[in-house]
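This report covers the disulfides and the aromatic pairs of one protein. Please look over the sequence and the structure before reading on.

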Amino acid sequence: MRFLRDLFVLLIFLIAFDGLAEESHLRSSIKVESISNSLILKVGPVSFATIDPASSVFKVYSAGDGGPGSPRTLFLGDYIERPSGANVVISGGYMASFSPPRPLGFIKVDGKQIGSPHTSWLGTGMFCTNGQHVKIGPFEELKSDKNFPDCIQSGPLLINDGLVRYDSGEKVSAGEEKLVSSVQEQAFICIDSNNKVILGVSEPIRLDEFSQLLSSKLNCQNALRLTGQRTAGLQTRLKLFGYDEFPLYSVIAVLPKEKSKNSSGAGKKEEGH
(Lines give C-alpha, C1' and ligand atoms only; values in the text may rest on other atoms or scores of the structure.)
Protein backbone atom coordinates (compact mmCIF):
# COMPACT_ATOMS: atom_id res chain seq x y z
CA MET A 1 0.00 0.00 0.00
CA ARG A 2 2.82 2.36 0.93
CA PHE A 3 4.60 1.41 -2.29
CA LEU A 4 1.55 2.43 -4.35
CA ARG A 5 1.26 5.73 -2.47
CA ASP A 6 4.95 6.52 -3.06
CA LEU A 7 4.60 5.61 -6.72
CA PHE A 8 1.60 7.93 -7.05
CA VAL A 9 3.50 10.81 -5.43
CA LEU A 10 6.45 10.20 -7.77
CA LEU A 11 4.18 10.30 -10.84
CA ILE A 12 2.63 13.60 -9.72
CA PHE A 13 6.11 15.06 -9.18
CA LEU A 14 7.30 13.99 -12.64
CA ILE A 15 4.25 15.48 -14.35
CA ALA A 16 4.70 18.77 -12.48
CA PHE A 17 8.44 18.84 -13.22
CA ASP A 18 7.83 18.24 -16.92
CA GLY A 19 5.43 21.18 -17.05
CA LEU A 20 7.87 23.45 -15.23
CA ALA A 21 10.71 22.36 -17.50
CA GLU A 22 8.70 23.21 -20.60
CA GLU A 23 7.79 26.65 -19.24
CA SER A 24 11.40 27.23 -18.21
CA HIS A 25 12.55 26.24 -21.70
CA LEU A 26 10.26 28.84 -23.26
CA ARG A 27 11.21 31.62 -20.87
CA SER A 28 14.95 31.12 -20.53
CA SER A 29 15.55 30.25 -24.22
CA ILE A 30 18.32 28.17 -25.76
CA LYS A 31 21.75 29.63 -26.31
CA VAL A 32 22.65 29.34 -29.96
CA GLU A 33 25.59 31.65 -30.52
CA SER A 34 27.67 34.22 -28.63
CA ILE A 35 28.27 37.72 -29.98
CA SER A 36 29.75 40.77 -28.33
CA ASN A 37 27.49 42.01 -25.51
CA SER A 38 24.66 39.63 -26.35
CA LEU A 39 23.57 36.10 -27.16
CA ILE A 40 21.47 34.76 -29.99
CA LEU A 41 18.66 32.90 -28.22
CA LYS A 42 15.63 30.95 -29.36
CA VAL A 43 12.10 30.82 -27.99
CA GLY A 44 9.71 28.67 -30.00
CA PRO A 45 9.99 29.84 -33.62
CA VAL A 46 11.90 33.06 -32.82
CA SER A 47 15.70 33.56 -32.92
CA PHE A 48 16.71 36.83 -31.31
CA ALA A 49 19.41 38.91 -29.65
CA THR A 50 18.79 40.90 -26.48
CA ILE A 51 20.93 44.03 -26.49
CA ASP A 52 21.79 46.22 -23.49
CA PRO A 53 21.79 49.85 -24.70
CA ALA A 54 24.28 50.71 -21.96
CA SER A 55 27.02 48.68 -23.67
CA SER A 56 26.02 49.03 -27.33
CA VAL A 57 25.51 51.59 -30.06
CA PHE A 58 22.61 51.44 -32.53
CA LYS A 59 22.90 52.79 -36.07
CA VAL A 60 20.86 52.91 -39.27
CA TYR A 61 23.02 52.26 -42.33
CA SER A 62 22.05 52.74 -45.96
CA ALA A 63 23.97 51.21 -48.80
CA GLY A 64 25.62 54.12 -50.57
CA ASP A 65 26.69 57.68 -49.91
CA GLY A 66 24.93 59.01 -52.98
CA GLY A 67 28.18 59.52 -54.88
CA PRO A 68 28.68 58.49 -58.52
CA GLY A 69 28.68 54.74 -58.86
CA SER A 70 27.91 54.04 -55.20
CA PRO A 71 25.60 51.06 -54.61
CA ARG A 72 22.06 51.80 -53.51
CA THR A 73 21.51 48.39 -51.98
CA LEU A 74 23.64 45.76 -50.26
CA PHE A 75 23.07 42.27 -48.91
CA LEU A 76 23.13 41.73 -45.14
CA GLY A 77 26.47 39.96 -45.47
CA ASP A 78 27.89 43.03 -47.23
CA TYR A 79 26.67 45.36 -44.47
CA ILE A 80 28.28 43.22 -41.77
CA GLU A 81 31.60 43.26 -43.67
CA ARG A 82 31.78 47.05 -43.88
CA PRO A 83 34.42 48.72 -41.67
CA SER A 84 31.83 50.05 -39.23
CA GLY A 85 32.51 47.38 -36.62
CA ALA A 86 28.92 46.10 -36.47
CA ASN A 87 28.42 42.73 -34.79
CA VAL A 88 24.75 42.37 -35.77
CA VAL A 89 22.65 43.76 -38.61
CA ILE A 90 18.97 43.18 -39.27
CA SER A 91 16.92 43.95 -42.36
CA GLY A 92 15.41 47.37 -41.87
CA GLY A 93 12.27 48.53 -43.63
CA TYR A 94 10.49 47.66 -46.84
CA MET A 95 11.52 48.04 -50.46
CA ALA A 96 9.17 49.68 -52.93
CA SER A 97 11.32 48.37 -55.76
CA PHE A 98 14.44 46.23 -56.10
CA SER A 99 15.22 47.42 -59.62
CA PRO A 100 15.77 50.31 -59.46
CA PRO A 101 16.32 50.07 -55.70
CA ARG A 102 13.89 52.30 -53.84
CA PRO A 103 12.84 52.19 -50.17
CA LEU A 104 9.18 52.12 -49.17
CA GLY A 105 8.80 54.74 -46.49
CA PHE A 106 10.72 57.31 -44.48
CA ILE A 107 14.39 56.74 -43.63
CA LYS A 108 16.67 59.18 -41.82
CA VAL A 109 20.44 58.68 -41.57
CA ASP A 110 22.64 61.16 -39.68
CA GLY A 111 19.76 63.62 -39.65
CA LYS A 112 19.27 63.53 -43.43
CA GLN A 113 15.94 62.26 -44.79
CA ILE A 114 16.00 59.49 -47.38
CA GLY A 115 12.74 58.36 -48.92
CA SER A 116 9.23 59.73 -48.54
CA PRO A 117 6.77 58.77 -45.77
CA HIS A 118 4.45 55.86 -46.56
CA THR A 119 0.86 56.51 -45.52
CA SER A 120 -0.74 53.04 -45.40
CA TRP A 121 -1.07 50.58 -42.48
CA LEU A 122 2.26 49.10 -43.60
CA GLY A 123 4.03 52.18 -42.23
CA THR A 124 2.26 52.75 -38.91
CA GLY A 125 5.44 52.45 -36.83
CA MET A 126 8.95 53.84 -36.61
CA PHE A 127 12.28 52.83 -35.11
CA CYS A 128 14.54 55.73 -34.10
CA THR A 129 17.91 55.98 -32.36
CA ASN A 130 20.55 58.50 -31.38
CA GLY A 131 23.07 55.70 -30.92
CA GLN A 132 22.55 55.20 -27.20
CA HIS A 133 18.78 55.51 -26.87
CA VAL A 134 16.14 53.71 -28.92
CA LYS A 135 12.50 54.63 -29.48
CA ILE A 136 9.78 52.53 -31.12
CA GLY A 137 6.34 54.04 -31.58
CA PRO A 138 3.74 55.42 -33.97
CA PHE A 139 5.19 57.02 -37.09
CA GLU A 140 3.08 60.16 -36.67
CA GLU A 141 4.54 60.77 -33.21
CA LEU A 142 8.18 60.24 -34.17
CA LYS A 143 8.45 61.64 -37.70
CA SER A 144 9.33 65.15 -36.53
CA ASP A 145 11.39 64.21 -33.46
CA LYS A 146 14.77 65.92 -33.85
CA ASN A 147 16.31 64.02 -30.91
CA PHE A 148 16.96 61.02 -33.15
CA PRO A 149 19.20 61.39 -36.23
CA ASP A 150 18.56 57.80 -37.43
CA CYS A 151 15.05 56.44 -38.12
CA ILE A 152 13.32 53.76 -40.21
CA GLN A 153 9.58 53.69 -40.92
CA SER A 154 8.00 50.25 -41.05
CA GLY A 155 5.05 48.31 -39.72
CA PRO A 156 2.66 47.31 -38.59
CA LEU A 157 3.43 48.59 -35.09
CA LEU A 158 2.69 45.29 -33.37
CA ILE A 159 2.80 46.44 -29.74
CA ASN A 160 2.49 50.01 -28.50
CA ASP A 161 2.99 50.76 -24.79
CA GLY A 162 2.17 47.15 -23.91
CA LEU A 163 -0.99 46.95 -26.04
CA VAL A 164 -0.94 44.25 -28.73
CA ARG A 165 -2.41 45.63 -31.95
CA TYR A 166 -4.52 42.58 -32.73
CA ASP A 167 -5.97 42.30 -29.21
CA SER A 168 -7.68 45.67 -29.34
CA GLY A 169 -10.65 44.54 -31.42
CA GLU A 170 -9.94 47.42 -33.80
CA LYS A 171 -11.01 46.63 -37.35
CA VAL A 172 -8.08 46.40 -39.76
CA SER A 173 -8.10 46.85 -43.52
CA ALA A 174 -8.46 43.95 -45.93
CA GLY A 175 -4.81 44.32 -46.92
CA GLU A 176 -3.60 44.14 -43.34
CA GLU A 177 -5.92 41.23 -42.56
CA LYS A 178 -4.36 39.36 -45.47
CA LEU A 179 -0.89 39.95 -44.02
CA VAL A 180 -2.02 38.95 -40.52
CA SER A 181 -3.38 35.60 -41.70
CA SER A 182 -0.36 34.86 -43.89
CA VAL A 183 2.08 32.32 -42.41
CA GLN A 184 5.55 33.74 -43.08
CA GLU A 185 8.89 34.70 -41.58
CA GLN A 186 8.92 37.92 -39.56
CA ALA A 187 11.80 40.29 -38.78
CA PHE A 188 11.24 42.56 -35.79
CA ILE A 189 12.70 44.90 -33.21
CA CYS A 190 11.25 45.58 -29.77
CA ILE A 191 11.91 47.16 -26.37
CA ASP A 192 11.13 44.89 -23.43
CA SER A 193 9.95 45.61 -19.89
CA ASN A 194 13.58 45.98 -18.73
CA ASN A 195 14.33 48.55 -21.47
CA LYS A 196 16.53 46.07 -23.31
CA VAL A 197 16.35 46.05 -27.11
CA ILE A 198 15.43 42.76 -28.77
CA LEU A 199 15.86 42.14 -32.48
CA GLY A 200 15.30 38.90 -34.32
CA VAL A 201 13.59 36.78 -36.93
CA SER A 202 11.00 34.04 -36.76
CA GLU A 203 10.20 30.88 -38.61
CA PRO A 204 6.90 31.04 -40.56
CA ILE A 205 4.08 32.16 -38.24
CA ARG A 206 0.86 34.21 -38.40
CA LEU A 207 1.39 37.86 -37.51
CA ASP A 208 -1.27 37.94 -34.76
CA GLU A 209 0.19 34.82 -33.11
CA PHE A 210 3.66 36.31 -33.48
CA SER A 211 2.57 39.54 -31.78
CA GLN A 212 1.15 37.55 -28.86
CA LEU A 213 4.41 35.61 -28.53
CA LEU A 214 6.45 38.83 -28.43
CA SER A 215 4.23 40.12 -25.64
CA SER A 216 3.84 36.99 -23.52
CA LYS A 217 7.26 35.29 -23.92
CA LEU A 218 9.67 38.15 -24.66
CA ASN A 219 7.84 40.82 -22.62
CA CYS A 220 7.98 43.32 -25.47
CA GLN A 221 6.35 46.64 -24.58
CA ASN A 222 6.84 48.24 -27.99
CA ALA A 223 7.43 46.09 -31.06
CA LEU A 224 7.75 46.81 -34.77
CA ARG A 225 7.64 44.47 -37.74
CA LEU A 226 10.58 45.32 -40.01
CA THR A 227 10.23 42.96 -42.98
CA GLY A 228 8.89 39.53 -43.81
CA GLN A 229 9.25 36.41 -45.91
CA ARG A 230 12.59 36.11 -47.71
CA THR A 231 13.72 39.64 -46.89
CA ALA A 232 13.64 38.83 -43.15
CA GLY A 233 17.20 38.28 -41.95
CA LEU A 234 19.45 38.73 -38.93
CA GLN A 235 23.17 38.55 -39.69
CA THR A 236 25.95 38.21 -37.12
CA ARG A 237 29.66 37.88 -37.85
CA LEU A 238 29.35 34.12 -37.46
CA LYS A 239 25.93 33.14 -38.75
CA LEU A 240 22.83 34.15 -40.69
CA PHE A 241 19.37 33.71 -39.18
CA GLY A 242 16.58 33.90 -41.73
CA TYR A 243 17.44 35.01 -45.26
CA ASP A 244 19.94 37.13 -47.17
CA GLU A 245 18.56 36.66 -50.67
CA PHE A 246 17.67 40.25 -51.61
CA PRO A 247 19.76 43.43 -51.52
CA LEU A 248 18.40 45.94 -49.01
CA TYR A 249 18.38 49.72 -48.99
CA SER A 250 18.94 49.99 -45.25
CA VAL A 251 19.62 47.99 -42.09
CA ILE A 252 19.69 48.47 -38.33
CA ALA A 253 23.15 47.74 -36.96
CA VAL A 254 24.42 47.06 -33.43
CA LEU A 255 28.00 47.95 -32.50
CA PRO A 256 29.84 47.52 -29.21
CA LYS A 257 30.59 50.94 -27.73
CA GLU A 258 34.37 50.65 -27.77
CA LYS A 259 34.44 49.56 -31.44
CA SER A 260 32.04 52.29 -32.54
CA LYS A 261 34.43 54.92 -31.08
CA ASN A 262 37.50 53.39 -32.72
CA SER A 263 35.86 53.03 -36.14
CA SER A 264 33.76 56.21 -36.17
CA GLY A 265 35.92 57.78 -38.87
CA ALA A 266 35.70 54.77 -41.17
CA GLY A 267 32.03 54.37 -40.47
CA LYS A 268 31.32 58.00 -41.42
CA LYS A 269 32.81 57.49 -44.85
CA GLU A 270 30.83 54.40 -45.52
CA GLU A 271 27.42 55.45 -44.19
CA GLY A 272 24.67 56.09 -46.70
CA HIS A 273 22.95 59.46 -47.01
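Is Phe98 buried, partly exposed or exposed, and at what relative accessibility? Phe98 counts as partly exposed, because its relative accessibility is 36%. Buried here means under 20% relative accessible area, exposed means over 50%, and partly exposed lies in between (1.4 Å probe, protein chains only).

The model is predicted: local features need pLDDT of at least 70, side-chain atom pairs count only at pLDDT 80 or more, and totals for chains, interfaces and linings use all residues. Residues are numbered from 1 along each chain as its sequence is written, and side-chain values use heavy atoms, with hydrogens and water left out.

**Disulfides**

A disulfide is a pair of cysteine sulfur atoms within 2.5 Å.

| Disulfide | S to S distance | Torsion about the S-S bond |
|---|---|---|
| Cys128 and Cys151 | 2.1 Å | about 115 degrees |
| Cys190 and Cys220 | 2.2 Å | about -60 degrees |

With its torsion of about 115 degrees, the disulfide of Cys128 and Cys151 is right-handed. Cys128 lies in strand S10 (residues 125-129) and Cys151 in strand S12 (residues 150-154), so this pair ties together parts that are 23 residues apart in sequence. Helices (H or I, at least four residues) and strands (E, at least two) are DSSP runs, numbered from the N terminus. Cys128 and Cys151 are both buried.

The disulfide of Cys190 and Cys220 is left-handed, because its torsion is about -60 degrees. This pair links distant parts of the chain, with Cys190 in strand S15 (residues 186-192) and Cys220 in strand S17 (residues 220-228), 30 residues apart. Cys190 and Cys220 are buried.

**Aromatic pairs**

Rings of Phe, Tyr and Trp (its six-membered ring) pair if their centres lie within 6.5 Å; planes under 30 degrees apart count as stacked, over 60 as edge-to-face and the rest as tilted. The count by this rule is 3 aromatic pairs. One of them is the tilted pair of Phe98 and Phe246, with 5.1 Å from centre to centre and 35 degrees between the planes. Phe98 lies in strand S6 (residues 94-98) and Phe246 in the loop between strand S19 (240-242) and strand S20 (250-256), so the pair ties together parts 148 residues apart in sequence. Phe246 is partly exposed, at 33% relative accessibility.

The rings of Phe106 and Phe139 form an edge-to-face pair, because their planes are at 65 degrees; their centres are 6.0 Å apart. Phe106 is buried, with a relative accessible area of 5%, and Phe139 counts as buried at 5% relative accessibility.
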